[in-house]
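Notes follow in the order I looked things up.

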Amino acid sequence: MAPRLQRRKPKKSSPVTPMVVIPPTDVSLEPPSLSKPGPSIDALGFISLDNNVPGLSQLILQKLNMKSYEEYKLVVDGGTPVSSFGFQSLQEMFQRMEDTFRFCAYCKALPYGLSDQKVLRHCKRCRNVYYCDTECQRSDWPAHRKVCQVLRLVAVDRVMEWLLVTGDFVLPSGPWPWPAEEIHDWDTWFSIRGLQLESTMNAVLSSHAMTMLWANLGRPRPEPDVLHSSLKRLMTDVLSRPLTLGLGLRTLAIDAGKTGGCTLHVVGASHVETFLIRSGDYDELGYMFPEHLGLHVIMVGVDVSTNLLQNSSPLPLEPGTIQLSGHKALYHDFWEEQIETGNLAHPDLVAAFHPGFHASPVLMEAWLPTLLLLRDYEIPTMITVYSQQELEASLQILVNLDMHIIACGANPFTSLKPEQVYSNPNKQPVYSSAYYIMFLGSSSCQLDKKQLEKKAG
Ligand SMILES: [Zn+2]
Ligand SMILES: [Zn+2]
């Protein structure tokens, strides 16, 4: 079938994953109104905070010494040094940002809305929700009790995550001792890493960095089993993306041992996928396909972090090597410039982590050219979402676009790290890539083929 490529020129909006701190779980039907035309999608995620707590996005910017979302984005993109805003490092800025998600979980009062003698105090058990007084806390308990325990884990993980940022926690690595097809979920993955994992975690727990971390926080250090579980959750969070790509290759029966190597595109990639990326992060994908003759993972998105930007080499890879590279571009532009010109090979698999096109018509509009392109070129594609609700909404959209759905369901390699929905703290925390959908080409095209087969028969 001849590809029905969308030729519509892209608008200024872009298919990107919303900000690190804002898991997009709300299915909001109305895009928030914005003062300027042509908002970036990041701004949408950011400003949509205000839907639940009016004034929150402004408060955050204020705390960060910034005037607008654009300023914030420039810093994260590396365009402006963080020192311009009085921060030593990007980490410090993120920390400050985290500190600013404070409002009363019950009455939604913001710090400046309180009377003089009042301050917002956090729930002592989970440290993740705030109240203006005990009355608000008591009234909120029926709702909060359902999430308090899991939010407690969020608080531990947030501290422990710094060990990944500082490089004091290095994930265990090395070829898998079992046949790859037997590793079909985290349980089996944890069994193969067994002893190695245990010694890595013990080393982290007895490290100087670990002692300093809790000492600096001035909080009692949790019990070893609590910290072990946290390290395990963090590991699944880092490895969820490479292993989910592996699941895609497997389920869609893509030949990973293809001569010249296999190419994977991560579309709509943003800081989330690229900010803390390390060259070894995708090694696990290689161990999943020990027969591979080179894996080329290309991150494409307007928010790809500058530290990943390097030219993707069109040359065949050395067997067994994994190359990570990034392109700061909209996918359909990247396609025109790199794929259509023959500069780079067609992808064997395209993945989008949390594209979020179900969340608003504006996001949908931004993703449409990419989705149509993937459909019409019959590129094996997978997307991931945070929840069952998002799965259903996304499936409906894809079916309406005439996509031929190959598989969907719960992801055995979901991140096990709970993420708080900051704008709505009493909502059940979500998990990255909890569900997946895989599709290939259009369903009417498949019908055509079947009808042709029938006729031929
Ligand atoms: Zn209150
Ligand atoms: Zn709590």
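**Helix α10.** I started with α10, which has 28 residues and runs 37 Å from its first C-alpha to its last. That is close to the 40 Å expected at 1.5 Å a residue. This is a predicted model, so I read every value here as a property of the prediction. Next I looked for a bend in α10 and found a kink of about 50° at S240, shortly before the proline P242. After α10 comes A253, and its phi is positive, near 50°.

**What α10 packs on.** I then checked α10 (residues 224-251) against α7 (residues 148-166). They pack at an angle of about 65°, and their axes are 9 Å apart. The crossing of α7 and α10 is right-handed. From α7, the contact uses V156, D157, M160, E161 and L164. From α10, it uses V226, L227, S230, L231, R233, L234 and V238.

**Helix α14.** Same checks on another helix. How far apart are the end C-alpha atoms of α14? They are 22 Å apart, and the 16 residues (361-376) should span 22 Å at 1.5 Å a residue, so the two agree. I still found a bend in α14, about 45° at W367, with a proline, P369, following within four residues. I listed the buried residues of α14 too: L363, A366, W367, P369, T370, L371, L372, L373, L374 and R375.

**Positive phi values.** Most residues other than glycine have a negative phi, so I went looking for exceptions. E378 is not a glycine, yet its phi is positive, about 50°. E378 sits in the loop between α14 and β7 (381-385). K108 is not a glycine either, and its phi is positive at about 70°. I placed K108 in the loop between α5 (90-99) and β1 (121-122). With 15 other C-beta atoms within 10 Å, K108 is partly exposed.

**The sheet.** What is the strand order in the open sheet? I read it as β5-β4-β3-β6-β7-β9-β8, seven strands with mixed pairing. β5 (322-327) and β8 (403-410) are at the edges with a single partner strand each, so one side of each has no neighbour in the sheet. The twist averages 20° from one strand to the next.

**Strand β3.** β3 (residues 262-267) and β4 (residues 295-300) run parallel and are joined by six bridges. C262 has L295 of β4 as its bridge partner, and H265 stands opposite I298 in β4. Toward β6 (residues 349-353), β3 also pairs in the parallel sense, over three bridges. There L264 stands opposite L349.

How many of the six residues of β3 are buried? Six of six are, and β3 is mostly covered. In a regular strand the side chains alternate between the two faces of the sheet. I checked the pointing directions in β3: C262, L264 and V266 go one way, while T263, H265 and V267 go the other, and all are buried.

**Around β6.** I picked A351, which is in β6. A351 is buried, because 28 other C-beta atoms lie within 10 Å and the cut-off is 20 or more. Leaving out residues up to four places away in sequence, A351 touches L245, G248, L264, V266 and M382. A351 and T381 are 30 residues apart along the chain, and their C-alpha atoms are separated by 5.7 Å.

I also looked at H346, in the loop between α13 (331-339) and β6. H346 has 14 C-beta neighbours inside 10 Å, so it counts as partly exposed. H346 and C262 are 84 residues apart along the chain, with 9.5 Å between their C-alpha atoms.

**Whole chain.** The protein chain has 16 helices and nine strands. Of its 457 residues, 38% are buried. Among contacts with a separation of 6 or more, 76% come from residues 24 or more positions apart.

Technical notes. Residues are numbered from 1 along each chain as its sequence is written. Chains are lettered from A and ligands numbered from 1 in the order in which they are written. This is a predicted model: local features need pLDDT of at least 70, side-chain atom pairs count only at pLDDT 80 or more; totals for chains, interfaces and linings use all residues. Two strands pair if DSSP finds at least two bridges between them. Helices (H or I, at least four residues) and strands (E, at least two) are DSSP runs, numbered from the N terminus. Axes are lines fitted to C-alpha atoms, for helices over the stretch in contact, and angles run from 0 to 180 degrees between N-to-C directions. The expected span of a helix is 1.5 Å times one less than its number of residues. The bend at a residue is the angle between axes fitted to the seven residues ending there and the seven starting there. A residue is buried if 20 or more other C-beta atoms lie within 10 Å of its own, exposed if 12 or fewer, and partly exposed in between; C-beta atoms are placed from the backbone. A crossing is left-handed if the near helix is turned anticlockwise from the far one by less than a right angle, and right-handed if clockwise. Two residues are in contact if their C-beta atoms, placed from the backbone, lie within 7 Å.
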